[in-house]
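This briefing is meant for a reader who is meeting the structure for the first time. Please look over the sequence and the model before reading on.

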Amino acid sequence: MAERTTVAVIGAGPAGLLIGAVLAAHAVPFVIVEHRSREHVLSRIRAGVLEQASVDVLERYGLAERLHAEGLVHGGIHLQVEGERTHVDFRALVGRTVTVYGQQQVVLDLMRHHDALGSAVHYSAEDVRPEGIDGDAPVVRFRVDGVDHELRADFVVGADGYHGVCRTLVPDGVLAPAERGYDAAWLGILADVAPSTDELIYALHPEGFAMHSMRSPTVSRLYLQVDPGEDLAQWEDDRIWAALQERLGSPGWTLTPGPITEKSITPMRSSVAATLVYGRLFLAGDAGHIVPPTGAKGLNAAIADVALLGEALAAQARGDDGPLAAYSTTALARQWKIQSFSQYMTELLHVPGPDVARDERAFDYASRVGRLRYVTGSRYAQQSLAEQYTGLAIA
Ligand code: FAS
Ligand code: PHB
């Protein structure tokens, strides 16, 4: 089946679905092609915190009604070092907040938005192959329900994540990602129990990092630092709760456990492509860059890319090529600030990993305790953290 559109979007995660909403707002024709089912996309448990800038983007495109009704507005976070808890008051420091609203809810709102618009979103597409992106007439080939599709477009947006097909279309010497690993991973759980805290707790403890987040007044989201390659089967529920209680413990405070409904281990990695554009292909979100989750930036960076790229494609449709020509440079400049903050938060709050020599581990841990105690004791350091955590301006 031959089709024609202006923008072919590969991937129906938050980046792909949101750029569709931006293009729809400007009446720019688009088609979204996703290789997993709608149900699978919606089932993925990912990010939980939206920056003020992300809330503003969703509001701008009419996507924030349920977010405002159900999202939890947080005026700060708690930083904890060896049991000593300090509240970092975002409102007092920078006059901004964040909103706890799970990525799954953002995706659900976006899917419902496209349902209402009657958008062309193909789920469960097989053998998705963008071709001719280095020419001026790209085509995306795919198969749905046994029917072969040939989608011709002016532009292709690669919103298919870090393991998607679009990154592979950019020659290695051009994509040239700057990358690094981290000597830690996160064991994350969802639990059907009311959070034991009002706002997120990020804790450094000799046994490792732990974080108490949430999804709603009745669902808690918590994380533990584990070694890379840790076997999830070694972590039965009681062991998880005991480790969380030990690492998050603070005088006069206890963690209330509950039924764990989901558990997974997420490795940590940073990667930034040297460019987000190659011919008629534009990368957005995880397709262009990934960060460790410590700074709560992955989803927010995807939203920021899309806010820039969607408006740039709309400007191009009106005859103004300027914003599209500037997209990669503008998005990457902001992304490196995000990378730096995510690396800072990761090194601030995690104990040294298993590969660090024993004598260096003791020094590195004590140094991290010293740095965290400086932050919890300095309004200036907290103001810088608050400015970055609540989100830098998008452009
Ligand atoms: P996504 O990966 O979300 O979406 C890409 C979409 O493209 C997917 O639906 C995929 O099925 C589809 N796709 C892939 N290949 C394709 C192909 N060949 N053809 C068609 N479609 C294709 N961020 C945080 O801020 N906080 C967190 O706590 C956090 N936790 C995370 C936990 C995990 C396990 C992972 C993997 C990521 C986590 N992130 C977190 C980061 C995450 O939220 C991403 O930043 C966010 O999903 C980025 O959105 P997209 O760029 O849309 O990519
Ligand atoms: C989450 O709620 O999933 C979450 C919150 C903050 C982070 C990472 C994950 O830094």
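What follows takes up the surroundings of the ligand and then a pair of helices.

The structure is a predicted model. In it, 29 residues surround ligand 1, and the protein buries 85% of the 990 Å² that ligand 1 exposes when taken alone.

**The shell around ligand 1**

- The closest of the surrounding residues are Glu-34, Arg-44, Gln-103, Asp-286 and Gly-298.
- Sorted by class, the shell around ligand 1 holds 13 nonpolar, nine polar and seven charged residues.

**Polar contacts of ligand 1**

- A polar side-chain atom of Arg-44 lies 2.3 Å from an oxygen atom of ligand 1.
- Two or more residues of the shell come from each of the elements α1 (14-25) and α9.

**Helices α9 and α10**

- The axes of helix α9 (residues 298-317) and helix α10 (residues 322-349) come within 9 Å of one another and cross at roughly 170°, which means that α9 is roughly antiparallel to α10.
- On the α9 side the contact is made by residues including Ala-301, Leu-308 and Ala-312, while on the α10 side Leu-324, Tyr-327 and Ile-338 are among them.
- The residues of this contact between α9 and α10 divide into 12 nonpolar, three polar and two charged.

Definitions and conventions
Residues are numbered from 1 along each chain as its sequence is written. Chains are lettered from A and ligands numbered from 1 in the order in which they are written. This is a predicted model: local features need pLDDT of at least 70, side-chain atom pairs count only at pLDDT 80 or more; totals for chains, interfaces and linings use all residues. Side-chain values use heavy atoms; hydrogens and water are left out. Axes are lines fitted to C-alpha atoms, for helices over the stretch in contact, and angles run from 0 to 180 degrees between N-to-C directions. Helices (H or I, at least four residues) and strands (E, at least two) are DSSP runs, numbered from the N terminus. Angles under 35 degrees count as roughly parallel, over 145 as roughly antiparallel, 65 to 115 as roughly perpendicular and the rest as oblique. Contact means heavy atoms within 4.5 Å. Ala, Val, Leu, Ile, Met, Phe, Trp, Tyr, Cys and Pro count as nonpolar, Asp, Glu, Lys and Arg as charged, and the others, Gly among them, as polar. A residue is near a molecule or strand if one of its heavy atoms lies within 4 Å of it. A polar contact is a pair of N or O atoms within 3.5 Å; within protein, one must be able to donate a hydrogen and the other to accept it, and residues adjacent in sequence count only if both atoms are side-chain atoms. Accessible areas come from the Shrake-Rupley method with a 1.4 Å probe; for residues, only the protein chains shown count as cover.
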